[in-house]
Structures are given as structure tokens and as C-alpha cells.
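Dear colleague,

Please find below the structure I promised to pass on to you. My notes on it come directly after.

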Amino acid sequence: MKKLFIILSLTASLAAQATIEDEGQPTSLSTAEITRNRACFEELTRENCPDPSDDARQFRACLHNSFDALTPSCQKLMSELYSGGN
């Protein structure tokens, strides 16, 4: 019984470790997705939004104000990245 408990514990810990390691792996984007995402940030530039790395607070405010003018795919991306721009 003791050996069975040790084996089950070891199996469970290995499964948990594999899950943790898998979640840390970055997802790779296709060229089309990268192009679409870049186009979205270009849309925001046309709306006179600053670069998010320059002024995050100003970018979020501009995103909120410009959200309805963005294409649906850009709205979706910005919602995913910034927890809903609208």
C-alpha cells in the first residue's frame, strides 16, 4: 500500500510539473496574424494614439475613445490585450 501511494504521488507530481511547463511555452503566430496585429496598431496610430510603450495611460485613454472607429478584428485584439477598450 505504501509503495502504491508513493507511485501515485510521483505520477501526480510529474503530471502537474508537465502542465506548469506547458503553460509557460510561448505561442507562435502565423505571418498573417502578425501582419493583422501590426495593421491594428497602425489603425491606432492613424487615430493619433501614442505608442503603448511610450505612455500606457494615454494609450488606453485614446484606445477607449477610438474603439468604435476600429475594425472588428482590431477591436477584438485590443479587447484581448487590454481587457476591453470600450
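The notes below cover a helix pair, a disulfide and a pocket.

Please bear in mind that this is a predicted model.

Helix packing. Helices α2 and α4 pack with their axes 10 Å apart and at an angle of about 90°. Since angles of 65 to 115 degrees count as roughly perpendicular, α2 is therefore roughly perpendicular to α4. On the α2 side, the contact is made by Arg36, Asn37, Cys40, Phe41, Glu43 and Leu44. Helix α4 contributes Ser73, Cys74, Leu77, Met78, Leu81 and Tyr82. Sorted by class, the residues of this contact are eight nonpolar, two polar and two charged.

Disulfide. The model has two disulfides by count. One of them joins Cys40 and Cys74, whose sulfur atoms lie 1.8 Å apart. This link is right-handed, with 70° about the S-S bond. It ties together distant parts of the chain, as Cys40 sits in helix α2 and Cys74 in helix α4, 34 residues apart.

Largest pocket. The largest pocket holds about 190 Å³ of space. Its lining consists of Leu29, Glu33, Arg36, Asn37, Cys40, Ser73, Cys74, Lys76, Leu77 and Glu80. The elements giving two or more residues to this lining are α2 (31-46) and α4 (72-82). Helix α4 supplies the largest share, five residues. In terms of class, the lining has four nonpolar, two polar and four charged residues. Both Cys40 and Cys74, the partners in the disulfide described above, are among the lining residues.

With kind regards

Technical notes. Residues are numbered from 1 along each chain as its sequence is written. This is a predicted model: local features need pLDDT of at least 70, side-chain atom pairs count only at pLDDT 80 or more; totals for chains, interfaces and linings use all residues. Side-chain values use heavy atoms; hydrogens and water are left out. On a 1 Å grid over the protein atoms alone, a cavity is a set of points where a 1.4 Å probe fits but cannot get out, and a pocket is an open set with protein on both sides within 12 Å along at least five of seven lines; lining residues have an atom within 4 Å of a point. Grid points are joined across faces, edges and corners, and a volume is the space filled by probe spheres set on the points. Helices (H or I, at least four residues) and strands (E, at least two) are DSSP runs, numbered from the N terminus. Ala, Val, Leu, Ile, Met, Phe, Trp, Tyr, Cys and Pro count as nonpolar, Asp, Glu, Lys and Arg as charged, and the others, Gly among them, as polar. Axes are lines fitted to C-alpha atoms, for helices over the stretch in contact, and angles run from 0 to 180 degrees between N-to-C directions. Angles under 35 degrees count as roughly parallel, over 145 as roughly antiparallel, 65 to 115 as roughly perpendicular and the rest as oblique. Contact means heavy atoms within 4.5 Å. A disulfide is a pair of cysteine sulfur atoms within 2.5 Å.
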